[in-house]
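Take a look at the structure below. Keep it in view as you read.

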Amino acid sequence: MEERQNYKLPVDKWNADYFPGEVGEDQPDAAQRTANTDAAMREFMARQELIMECGGSEFIESIFKHNGTFSNRLDLLNETLLLGIAYLFNGNEKCQNSMLDVLTADAENSMLLNVRRLISNIGLILIEMRKIKEEAVSKDRDFAYSIVDTYDFFDSRANIIDSVFGRTGYDKTELQNEKSNEQALCRMFRFLQLFCENGNIKMKRFLLEQYNDLEGTQRKTNTINFIEVTTLLLRKLFKIMNNKVVGIPQTLLEFINEITQLPCIDNQIAFMKSTFF
């Protein structure tokens, strides 16, 4: 694991190959690299399951289920999401099923209701921020030739990023807030995707419609269709599509791809009935 410490890749950017045996020119042959990677994955899964045995699912659910937990606390939200992503990474079935048991026992569906609320609120914030910036840019398009700033710099006294020929700078805090919102939105959909990874049919169906029992006979009062939630946000993002938001729809589409993969026919039907088309 020592060779990996210099890479510092955030957990939400990991894939199944992000383990020893895949990086470095002096690595052993392919068979040995595969064996090293498999061993590292087994060790990682053992740590996930240790967290599960210590109440990891209950802890994550308890943080998400209270309305005020993340009020003006994007840093806490992002760290909680990174924990959830690491906990379910690579579709650990035992951890997935533990989360499913906890969510099923939540009669008020509080955690998923708050996840939906966060998705809606953060999505709206990002969309409005993009609209405001687009409108501001369009007001300055009165010239025959486009004006390109040739030199940007950080003004440490004013705490802004400014341009030599620009009339207005960009507040550093605003830029960081925008980035944190975008990270949180993408990480929420990565978290939801990992609920379903490796063909967890029960969890896929649960994200379509929630029940108070694993047999699916007692439907929750406040059930949420996350396929509809996702496709609705996708349509809103497509309407303002530009180079600033192009990275967000990819994460949403990866979740849609995961939750509708065969043999989950009900989810595919729900997707066809959604606002995506």
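This is a predicted model: local features need pLDDT of at least 70, side-chain atom pairs count only at pLDDT 80 or more; totals for chains, interfaces and linings use all residues.

Start with the largest nonpolar core, which has 59 residues. Some of its members touch the most other members: Phe64, Met111, Ile119, Phe191, Phe195, Leu207 and Phe226. Which helix gives the most to this core? Helix H6, residues 172-196, does, with 10 residues.

Now zoom in on phenylalanine 195, one of those core residues. Set aside its neighbours within four places in sequence. Phenylalanine 195 is then in contact with Leu88, Gln96, Met99, Leu103, Met111, Asn200, Met203 and Leu207. Met111 and Leu207 are also on the list of core residues that touch the most other members.

Move on to glutamate 197. Where does glutamate 197 lie? Its place is in the loop between H6 and helix H7, which covers 201-208. Is glutamate 197 buried or exposed? Its relative accessible area is 13%, so glutamate 197 counts as buried, the cut-off being under 20%. Leaving aside neighbours within four places in sequence, glutamate 197 is in contact with Asn90, Gly91, Gln96, Arg190 and Glu258. Gln96 is also in contact with phenylalanine 195.

Another glutamate sits in another loop. Glutamate 108 is found between helix H4 (93-105) and helix H5 (110-139). Beyond its neighbours within four places in sequence, glutamate 108 is in contact with Leu113 and Asn222. Lysine 65 is 43 residues away from glutamate 108 along the chain. Yet the C-alpha atoms of the two are separated by 9.4 Å.

Next comes helix H8. H8 runs over residues 226-239 and has 14 residues. From its first C-alpha to its last, H8 reaches 20 Å, close to the 20 Å expected at 1.5 Å a residue. What happens at the start of H8? There, a side-chain oxygen of asparagine 225 comes to within 3.0 Å of the backbone nitrogen of isoleucine 227. The buried residues of H8 are Phe226, Ile227, Val229, Thr230, Thr231, Leu233, Leu234 and Leu237.

Finish with the cysteines. A disulfide is a covalent bond between the sulfur atoms of two cysteines. How many disulfides does a search of the whole structure find? The search finds zero. Cysteine 196 is in no disulfide, and the nearest cysteine sulfur, that of cysteine 264, is 8.2 Å away. Cysteine 196 is buried, with a relative accessible area of 0%. Cysteine 186 also counts as buried, at 16% relative accessibility.

Key:
Residues are numbered from 1 along each chain as its sequence is written. Side-chain values use heavy atoms; hydrogens and water are left out. Helices (H or I, at least four residues) and strands (E, at least two) are DSSP runs, numbered from the N terminus. The expected span of a helix is 1.5 Å times one less than its number of residues. Buried means under 20% relative accessible area, exposed over 50%, partly exposed in between (1.4 Å probe, protein chains only). A polar contact is a pair of N or O atoms within 3.5 Å; within protein, one must be able to donate a hydrogen and the other to accept it, and residues adjacent in sequence count only if both atoms are side-chain atoms. Contact means heavy atoms within 4.5 Å. A disulfide is a pair of cysteine sulfur atoms within 2.5 Å. A nonpolar core is a set of buried Ala, Val, Leu, Ile, Met, Phe, Trp, Tyr and Cys residues joined through side-chain atoms within 4.5 Å.
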